[in-house]
Amino acid sequence: MTEPERHPALDALAQAEVPDAVQARIVAGAQARVERRAPRWPWVAALAAAGVAAGVWIAQAPAPAHDPPGHQVLAEAGAQWRVVERLGRGQRVALTAGVAEFVVQPLTGGDAFIVDTAQARVRVVGTRFRVAVQGECTAISVSEGVVQVSRPDGAEPSQLTAGDTRRVCPVAPPQPTAPPSEAPPSVAPPVDPPGQVWVQTALGLIGAGQEPAKARALMERYLAEHPQGVFAQEALYYAARLALEAGDRATALARGRAFVQRFPDSHRTAWLRARLPELSR
Amino acid sequence: MVLPPEHFQRLQAGDEQAWARLFRAYAPRIYRWAVHRGVAAGNAEALAQEVLATAWRRIDRCRAPEALTAWLYQITRRQVANHRRKAWFRRVFVGEAPAATPAFTAEPEAAISARAVLARLPADLAEVLILRDVEGHTRDEAAALLGLRPGTVASRLRRARAAFEAAWTAREGEGP
């Protein structure tokens with residue numbers, strides 16, 4: 001009697017990937033449940049006591065059940081900061097002293113989340129980064145997502161991704177720090193609102209499992225018009241995946257090769273190599 | 001995934017950053033566990049949130065860093081079982097039928113069908129099949145997650161694969 005083998009129908013389940021937006025909602029929702037239960041963490045207790053705050057939850061207007069919650073500013077003791085203005089669903093924050101970590105929910109359209117210090121301006125859409133005012137300099141480090149860092153007047157812009165740090169000082173030129181395996185950040189591409197909408201629309205369709213052909217077309221359009229854009233990594237990856245799932249292996253390989261070449265250390269590279277063995281040759 | 005002892009101690013101390021890292025590390029895995037066990041996508045998100053929040057409240061009940069993943073899996077199992085009982089009640093007494101919707105990025109129809117077939121299997125067989133043939137755990141890893149002996153996992157896997165094959169064939173016979 002032969003042993004039953006693994007059924008090939010389970011391959012589709014094994015390859016299934018949890019959308020980034022779902023992961024973000026789960027994490028944010030778990031944190032919200034924890035905060036509702038008990039002020040166990042110092043910054044929650046400080047808020048309840050309306051006293052010295054180690055962190056503040058920036059409340060946004062009431063939103064539908066599936067919208068992400070507000071942004072977070074996790075400021076260390078001694079940090080001095082204030083919200084300067086609201087920018088749609090984002091805001092502009094001025095950090096004048098100390099260290100703060102920012103957790104920014106995904107934004108759309110012309111919204112932005114900006115942190116200004118005396119030496120630098122940090123502009124992000126949906127990410128997690130740390131800004132430290134250290135004497136006359138500002139140090140920025142990114143743990144998730146992509147941020148654009150420049151001088152307050154917009155000069156010397158650079159794009160930082162997860163794992164990157166940059167120190168901006170008034171006298172010495174900034175020394176961007178990048179992981180050895182990645183190319184040093186060059187002059188950052190300009191912010192491109194139209195392309196951003198295409199990528200976000202496509203990600204929404206992908207997350208909902210709807211209109212894969214339209215999602216693919218949006219990603220390809222972004223790559224055609226903004227090949228060096230801030231969302232090139234997402235666009236290349238999903239263009240490769242959607243082409244593969246549509247049976248267009250030639251395009252999947254082309255997009256996959258471009259992705260692996262530009263982002264060799266991405267966790268998505270392993271996924272692409274597993275499904276496109278030609279990439280490893 | 002085994003946490004370093006110092007990280008586990010930080011969890012027990014309620015360190016916010018340590019918990020944030022744990023939430024990010026386990027969120028997709030818990031979501032997958034729930035979805036593969038038949039929980040609809042939207043409910044699986046809420047279920048995963050509750051599992052993580054429960055872990056935060058009861059971390060003192062986790063014996064050791066190496067037991068963390070299995071402990072989280074057991075919490076997820078209980079949450080899934082509660083959810084399925086409530087779903088059964090809604091289906092039988094209220095007539096509410098869950099929709100078969102994609103739960104993952106660009107999920108093909110085959111994946112949705114495979115999940116529907118998995119949902120028909122007995123829970124003990126479905127769990128082993130998911131851990132071994134979908135999530136890719138070894139026999140010993142699956143045994144640790146389920147709290148079973150490796151030999152029991154092996155025998156259940158044989159039965160589970162046969163049951164899945166039979167259910168899949170029967171599904172094809174049902175037509176579109």
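Trainee: What stands opposite G98(A) in this predicted model?

Mentor: G98(A) stands opposite V133(A) in β7(A), a strand being a DSSP run of E of at least two residues, numbered from the N terminus. This is a predicted model in which local features need pLDDT of at least 70 and side-chain atom pairs count only at pLDDT 80 or more, whereas totals for chains, interfaces and linings use all residues. Residues are numbered from 1 along each chain as its sequence is written, chains are lettered from A in the order in which they are written, and side-chain values use heavy atoms, with hydrogens and water left out.

Trainee: Why are β4(A) and β7(A) said to pair?

Mentor: Two strands pair if DSSP finds at least two bridges between them; β4 (residues 90-103) of chain A and β7(A) have six, in the antiparallel sense, and therefore pair.

Trainee: What makes β7(A) mostly covered?

Mentor: Five of the seven residues of β7(A) are buried, that is, under 20% relative accessible area with a 1.4 Å probe, protein chains only.

Trainee: Why is the meeting of R33(A) and E50(B) called a salt bridge?

Mentor: The term requires a side-chain nitrogen of Lys or Arg within 4 Å of a carboxyl oxygen of Asp or Glu; the side chains of R33(A) and E50(B) meet at 2.7 Å, N to O, and therefore qualify. The count between chain A and chain B is two salt bridges.

Trainee: Which element gives the most to the side of chain A that touches chain B?

Mentor: α2(A) does, with eleven residues, a helix being a DSSP run of H or I of at least four residues.

How values were computed:
Buried < 20%, exposed > 50% of the residue type's maximum accessible area, 1.4 Å probe, protein only.
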